[in-house]
Amino acid sequence: MKMEYVISSWDIPSLPIVGSNARFPVRRIFCVGRNYVEHQKEMGGDGREQPFFFTKSSHDLVPEGGAVRFPPMTANYHWETEMVAVVGTGGYKIPAAKANEHIWGYAVGLDMTRRDLQQVGKDKGRPWTFGKDFDQAAPVGPITPASKSGHPKKGKLWLKVNGEFRQNSDIDQMIWNVPEQIAFLTQYYTLEAGDLIMTGTPAGVGAAKPGDELLAGIEGLGELRVKILPPR
Ligand code: MN
């Protein structure tokens, strides 16, 4: 029986899949903070802290990128290029050695950040919500199934802004690899099919401005293009 709602409902957030017309339905988005040594240092860390996570709403997704509006209430709107791990099978207390069995695929993503509002959260001990979870804060490219890509441990990750390299690293530079992130996260949460994990960004974060063209890529997982529109 079809559910009856009192207002009209909306489509489940979803992402396209490389080589398929079907889409992948998205549930939650978990994001790991400070997961590359050089980025941890540029953010003021010492390169050796425990992993920690924050979340974005799946309604922040901008599937396949494209035009993204410069967001309100910020003067420091940052890019963070990240590999996205896509959960196909949920679980609780998943051991790292079994974690890859739960991953359906991978994608290129941008963890867009209102850095000034995130800083207010840090300074005042408040949540990062306004800094990290806002309209269009999660452009993510099409998912490459793990059946095609395998489970990448190594591969170049880059971001070009207006044709110039701004981030240029390798996913083998993660402090906590994807299986370790899943083992950690599932001590606290039951992961569910459809959850995404944004696995952290390397050094080179910086501020985007209206008119900028961002081109993010990961070896073997394709590219993600975003054009920043003027503020509303
Ligand atoms: Mn990030």
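Mentor: In this predicted model, a residue is called buried under 20% relative accessible area, exposed over 50%, and partly exposed in between.

Trainee: Which accessibility class does lysine 227 fall into?
Mentor: Lysine 227 has a relative accessibility of 34%. Because buried means under 20% and exposed means over 50%, the value for lysine 227 makes this residue partly exposed.

Trainee: Which residue does lysine 227 meet in a salt bridge?
Mentor: The nitrogen-to-oxygen distance in this salt bridge is 3.7 Å, and the pair links distant parts of the chain, with lysine 227 in strand S18 and its partner 14 residues apart from it, in strand S17.

Trainee: Are glutamate 80 and lysine 132 buried or exposed?
Mentor: The side chains of glutamate 80 and lysine 132 form a salt bridge of 3.3 Å, N to O. This pair links distant parts of the chain, 52 residues apart, since glutamate 80 sits in the loop between S7 and S8 and lysine 132 in helix H4. As for accessibility, glutamate 80 and lysine 132 are both buried.

Trainee: Which arginine is linked with Glu80 and Lys132 in a network of salt bridges?
Mentor: The network also includes Lys56 and Asp111. The arginine in question lies in helix H3, counts as buried because its relative accessibility is 7%, and has Glu80 and Lys132 among the residues that it touches, along with Met43, Asn76, His78 and Val205.

Trainee: How many bridges join S13 to strand S14?
Mentor: The two strands run antiparallel, and lysine 160 has phenylalanine 165 in S14 as its bridge partner. Their hairpin has 2 residues between the strands, and asparagine 162 takes a positive phi near 50° there. The number of bridges joining S13 to S14 is 6.

Trainee: Which residue of S17 stands opposite leucine 157?
Mentor: S13 also pairs with S17, in the antiparallel sense and over 5 bridges. Within S17, the residue opposite leucine 157 is isoleucine 218.

Note on methods: Residues numbered from 1 in each chain as written. Predicted model: local features only at pLDDT ≥ 70, side-chain atom pairs only at ≥ 80, totals over all residues. Heavy atoms only, no water. Helix = DSSP H or I, 4+ residues; strand = E, 2+ residues; numbered from the N terminus. Buried < 20%, exposed > 50% of the residue type's maximum accessible area, 1.4 Å probe, protein only. Contact = heavy atoms within 4.5 Å. Pairing = 2+ DSSP bridges. Salt bridge = Lys/Arg side-chain N within 4 Å of Asp/Glu carboxyl O. Lists of a residue's contacts leave out its neighbours within four places in sequence.
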